[in-house]
Amino acid sequence: MTLKRAAAITGIAEMAPRASAEGLSTLGIWADVSRGAILDAGLEPSDIDGLLVAPPIVDMVAMWPSHLGEYLDIHPRYANIVDLGGASAAGMAWRAASAIQSGLCRAVLCVSGEASDVDTFYAPRAKRPTQQLPLREFEAPYGPMGANSGYAQIAMRHMHEFGTTGRQLAKVAVDQRTNAGANPDALYRDPLTVDEVLSSPLIVDPLHLYEIVRPCTGGAAFVVVSADLAPSSAQTPAWLLGAGEATRGVMLAQVESVTTSPVAQSAPLAFEMAGVTPVDIDLVSVYDCYTITVVVTLEDAGFCEKGGGGPFVEEHDLTYRGDLPLNTHGGQLSFGQPGLAGGTSHVTEAVRQIQGRAGERQVADCELAFVNGNGGIMSEQASLVLGV
Amino acid sequence: MSDQPRKPLPRPSPLSQPFWDGLAAGELRLQRCAACDAYVFYPRPHCPHCLSEALKWTRVSGRGRVYTYTVVRRAMHPAFRPDVPYVFAIVELEEGPRVATNVIGCSPEDVRVEMPVKALYDRTAAGIALLKFEPA
């Protein structure tokens, strides 16, 4: 089975991330970006017959798609939650294409984001009943620092196995900050140096403050339409050319190797479906909750050999002007991580670049993008190839 | 002091009780599959490798190596704030399985990947003992 050119992303909308959630609601943010994406695609609300939602991290509510459908007064024939953590957006994109290909619907609205900030993110959770999960029994008693400590453990082992250095990891944050400088919507835009990254506080060895995302408020939506609808879109269609997904467990102590992620399975599936290889790619738009995430993803997707990610990011210019443009919106590290909409930012940026409307940071002749969504501690992976 | 944040403690299930009982008795017990000999951790109702339900609790050595670790310098959970900096690690047991744990009994700065460690049983105020490790 192939999804190649079965569907295209035609409309996108994204809220500029904000440090504070003051005065905003998740449903209100979703409505705004949904409206924007439908308008951008040149569609009417009644055209939307599919709805996929990536739930907010900070607020557990049942039946989110029904709440949003009601709010938008749309009546999808296909509605679902997609929760693959940060891989949800890329996961929604190919699920939408799959539903379209099977004839379930023709225009799927994919929505993410939340009203969140540092205060609400770290506030003690309400006293709600907790499920008996192995993670809670065998990991939580030892004081993990959320996802931070897991990615730090990946980085520590990567350094041990391959000699990866702190300076190499820091280079990812530095180049992405240069990109954010050309993105008026990014949360952090001031130039950054490798030395500044390495002299920012150590939070979880070997990761420093500037190598770690921060929670914020924001949202993003995109519309995936069928091949027959795509040509009449208001914008250049960004075609889904390839997709692949792979998952593993949520607890790092349970995985075979912490330095190899399921990207090693999901990316080859996406490249094979698209009939292209990493050397053909004009834009790399990959999940970057931490600097190490980018290095491991580049290796496992085949942009360089396993273990060679450190020297690779050091040798290549990852800015929008460079030889390997990567996370040209600034990545989540500089643009911001508004819940699962952080992972949507890699999809929207790829669409923007393919449509030629990335403004100052536009990559010349950007025809082919590799997108990777990543959830958990590199446990869920969804890879896409998008193109003209 | 009653609203002092408390550390999350394991809530043993009937399935996992023998593991926690073992730690309280000062020994490390893992499930082992009678059909395929695989060690199984965490406790499960069947062997994930061969689906056999013939899992037997077996005492193991408690020896292992640090597979990877981090030093937590800012705690997420308020109850861990007095402990920083502390080592949150994954130890690979001699018998194969890996466990999330803390390495104690040395400075965080002295921990290394592949360092040999041995189990110790850290009894909490609530009576349950946690599996931790110290340099071997």
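Is A:Asp73 buried or exposed? A:Asp73 is exposed, because 8 other C-beta atoms lie within 10 Å. (Buried takes 20 or more other C-beta atoms within 10 Å of a residue's own, exposed 12 or fewer, and partly exposed falls in between; C-beta atoms are placed from the backbone.) The notes below start with the basis of the model and return to this residue.

1. **Basis.** This is a predicted model, where local features need pLDDT of at least 70, side-chain atom pairs count only at pLDDT 80 or more, and totals for chains, interfaces and linings use all residues. Residues are numbered from 1 along each chain as its sequence is written, while chains are lettered from A and ligands numbered from 1 in the order in which they are written.

2. **Confidence.** Chain B has a mean pLDDT of 94, and 98% of its residues reach 70 or more. (pLDDT is the predictor's confidence in each residue, from 0 to 100.) For the complex, the predictor gives an ipTM of 0.94 and a pTM of 0.94. Where pLDDT is low, predicted coordinates should not be read in detail.

3. **Positive phi.** A:Asp73 sits in the loop between helix 2 (64–72) and strand 3 (78–81) of chain A. (Helices, H or I and at least four residues, and strands, E and at least two, are DSSP runs numbered from the N terminus.) Its phi is near 55°, a positive value in a residue other than glycine. A:Asp365 also has a positive phi, near 50°. The loop between helix 13 (341–354) and strand 10 (368–375) of chain A holds A:Asp365. A:Asp365 is exposed, with 9 other C-beta atoms within 10 Å. Most residues other than glycine have a negative phi, and most peptide bonds are trans.

4. **Cis bonds.** In chain B, the peptide bond from B:Phe41 to B:Tyr42 is cis, with omega near 0°. B:Tyr42 belongs to the loop between strand 2 (39–40) and strand 3 (55–59) of chain B. Another cis bond joins B:Val84 and B:Pro85, with omega about -10°. B:Pro85 is in the loop between strand 4 and strand 5 of chain B.

5. **Helix 1 of chain A.** This helix covers residues 26–41, 16 residues in total. At 1.5 Å a residue it should span 22 Å, and its end C-alpha atoms are 22 Å apart, which agrees. (The expected span is 1.5 Å times one less than the number of residues.) Its buried residues include A:Trp30, A:Val33 and A:Ile38. The buried residues pack against strand 1 (7–14), helix 2, strand 4 (107–114) and strand 7 (218–226) of chain A. A:Gly42 follows the helix, and its phi is positive, near 75°.

6. **Helix 7 of chain A.** Helix 7 (residues 166–180) has 15 residues. From first C-alpha to last it reaches 21 Å, close to the 21 Å expected. Of its 15 residues, 14 are buried, so helix 7 is largely enclosed by the rest of the structure.

7. **Cores.** The largest nonpolar core has 156 residues. (A nonpolar core is a set of buried Ala, Val, Leu, Ile, Met, Phe, Trp, Tyr and Cys residues joined through C-beta atoms within 7 Å.) Helix 3 (residues 88–101) of chain A gives this core its largest share, 9 residues. At least three residues come from each of domain 1 (14–60) and domain 2 (61–136) of chain B. Apart from this core lies another, of 5 residues, among them A:Ala180 and A:Phe335.

8. **Chain contact.** Here 31 residues of chain B are in contact with 26 residues of chain A. (Contact means C-beta atoms, placed from the backbone, within 7 Å.) On the side of chain B that touches chain A, strand 4 of chain B gives the most, with 6 residues. That side divides into 18 nonpolar, 7 polar and 6 charged residues. (Ala, Val, Leu, Ile, Met, Phe, Trp, Tyr, Cys and Pro count as nonpolar, Asp, Glu, Lys and Arg as charged, and the others, Gly among them, as polar.)

9. **Domains of chain B.** The C-alpha centres of domain 1 and domain 2 of chain B lie 21 Å apart. (Domain bounds come from an automatic or database domain assignment.) Their contact takes 9 residues from domain 1 and 12 residues from domain 2.

Conventions:
Two residues are in contact if their C-beta atoms, placed from the backbone, lie within 7 Å.
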